[in-house]
Amino acid sequence: MMLRLMKMFGLAFVETTTERARRGPARPSWGFGFEWVVRFLRRDFAYVLDRPYPDVRAELDARPYSQKAVRRVKRTDDTLKGVPAVWFEPPGAASRGVVLYLHGGSYLFGSTRTHADLMARLALASGARVVGIDYRLAPEHRYPAQLEDALAAFDALVERGHAPGELALAGDSAGGNLALVTQLAQRDRGAQARCAALISPWLDLTASSASAIANDSTDYGTREGLLRQARDFAGATPLDDPRLSPLHARLEGLASLFIQVGDAERLHDEGQELARRAREAGVDVTLDVLRDMPHNGPVLADFHPEGARGTDALGAYLRARLSSSAAAATRPDAA
């Protein structure tokens, strides 16, 4: 595995050198190192498409990920109503308020290990405990297995004494999709989380937006690859079904939303459109557009300052929402 990764890094280095000599940086703020990382991720996505999903999952979990943020938090394994979970508790964590985190990976791969650094960063930035879950993955488990696991984990937290209003949902990419789908389901059953923070959410599985094509050269992944992965997740369910593509869902009555997208990513227009539709439906929306960022900017925080700013913005939003819910819960008239 390490030899293959090194080979891909080498090929990405050559491509970056050649392309920058020919036309300069792909984006004004992209230094050589950052563009090199993005080109590596493009090659990695292409490799993943040609591999069996169980092999991809095993390899991704075995990769050496940054431990800088993880070492600064307390990490504890748990189970929430049968769903494997991992807690990330920052020093001096708030006594109330928890972020339920749903990882990305096209619903096909990804885990609390692949996303440990991001969850630890979010815990440090927000001051809240973050709990990530290993929900069931497609194609072995298609919709609604992932939603069932997210709702079960949320219900377990409530049963442990956390009021719904003291809980936040968060997720990246497919996890952003799942956070929104979970919020919609909670709305319909009458007990929502305080808010949902969506990082580069995958909102329209048909990949029909203009940015799905226009931002191809500055993002990793391909439109065709995303469509293939979407079909492997959806099975016989149409890709534009609002239960899978919540951009097309009825949004009235949702709790507060934080939507973060990069202006260089393929999912940019989906995030913008969700913000527009949610505001028209009367939802409190914060839209944060990361300049020159491809997909999932906070994951790239070590390589570009805008990715770090994105992490700080997410943390500030969650801190403010969870702090206000905790203040309300401790008022004498809160009951």
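Is Glu140 buried, partly exposed or exposed? At 44% relative accessibility, Glu140 counts as partly exposed (buried means under 20% relative accessible area, exposed over 50%, and partly exposed in between, with a 1.4 Å probe and protein chains only). The structure is a predicted model, in which local features need pLDDT of at least 70 and side-chain atom pairs count only at pLDDT 80 or more, while totals for chains, interfaces and linings use all residues. Residues are numbered from 1 along each chain as its sequence is written, and side-chain values use heavy atoms, with hydrogens and water left out.

**Annotated domain**

- An unreviewed UniProt entry places the feature "domain: Alpha/beta hydrolase fold-3" at residues 99-296; UniProt positions follow the numbering used here, feature names are shortened, and annotations may be inferred rather than shown by experiment.
- Residues 99-296 are 36% helix and 17% strand, with the end C-alpha atoms 18 Å apart; helices (H or I, at least four residues) and strands (E, at least two) are DSSP runs numbered from the N terminus.

**Salt bridges**

- The count comes to 34 salt bridges, each defined as a side-chain nitrogen of Lys or Arg within 4 Å of a carboxyl oxygen of Asp or Glu.
- Glu140 meets Arg57 in a salt bridge of 2.8 Å, N to O. This pair links distant parts of the chain, 83 residues apart: Arg57 in helix H3 and Glu140 in the loop between strand E4 (129-133) and helix H5 (145-159). Arg57 counts as buried, at 17% relative accessibility.
- A salt bridge also joins the side chains of Arg27 and Asp263 (3.3 Å, N to O). Arg27 lies in the loop between H1 and H2, and Asp263 in the loop between strand E7 (256-262) and helix H9 (268-280), 236 residues apart. Arg27 is buried at 19% relative accessibility, whereas Asp263 is partly exposed at 23%.
- In the salt bridge of Lys68 with Asp302, the closest N and O atoms are 3.5 Å apart. The partners are 234 residues apart, with Lys68 in the loop between H3 and strand E1 (74-80) and Asp302 in the loop between strand E8 (285-290) and helix H10 (305-330).

**Surroundings of Glu35**

- Glu35 belongs to helix H2 (residues 32-49) and counts as buried, at 1% relative accessibility.
- A network of salt bridges links Glu35 with Glu19, Arg20, Arg22 and Arg23.
- The side chains of Glu35 and Arg20 make a polar contact of 2.8 Å (a pair of N or O atoms within 3.5 Å; within protein, one must be able to donate a hydrogen and the other to accept it, and residues adjacent in sequence count only if both atoms are side-chain atoms).
- Not counting residues up to four places away in sequence, Glu35 touches residues including Thr16, Pro25 and Trp30, contact meaning heavy atoms within 4.5 Å.

**Aromatic pairs**

- The count comes to 10 aromatic pairs; rings of Phe, Tyr and Trp (its six-membered ring) pair if their centres lie within 6.5 Å, with planes under 30 degrees apart counted as stacked, over 60 as edge-to-face and the rest as tilted.
- The rings of Phe9 and Trp36 are edge-to-face, because their centres are 6.2 Å apart and their planes stand at 90 degrees. Phe9 lies in helix H1 (residues 2-23) and Trp36 in helix H2, so the pair ties together parts that are 27 residues apart in sequence.
- Ring pairs link Phe9, Phe13, Phe32, Trp36 and Phe40 into a cluster.
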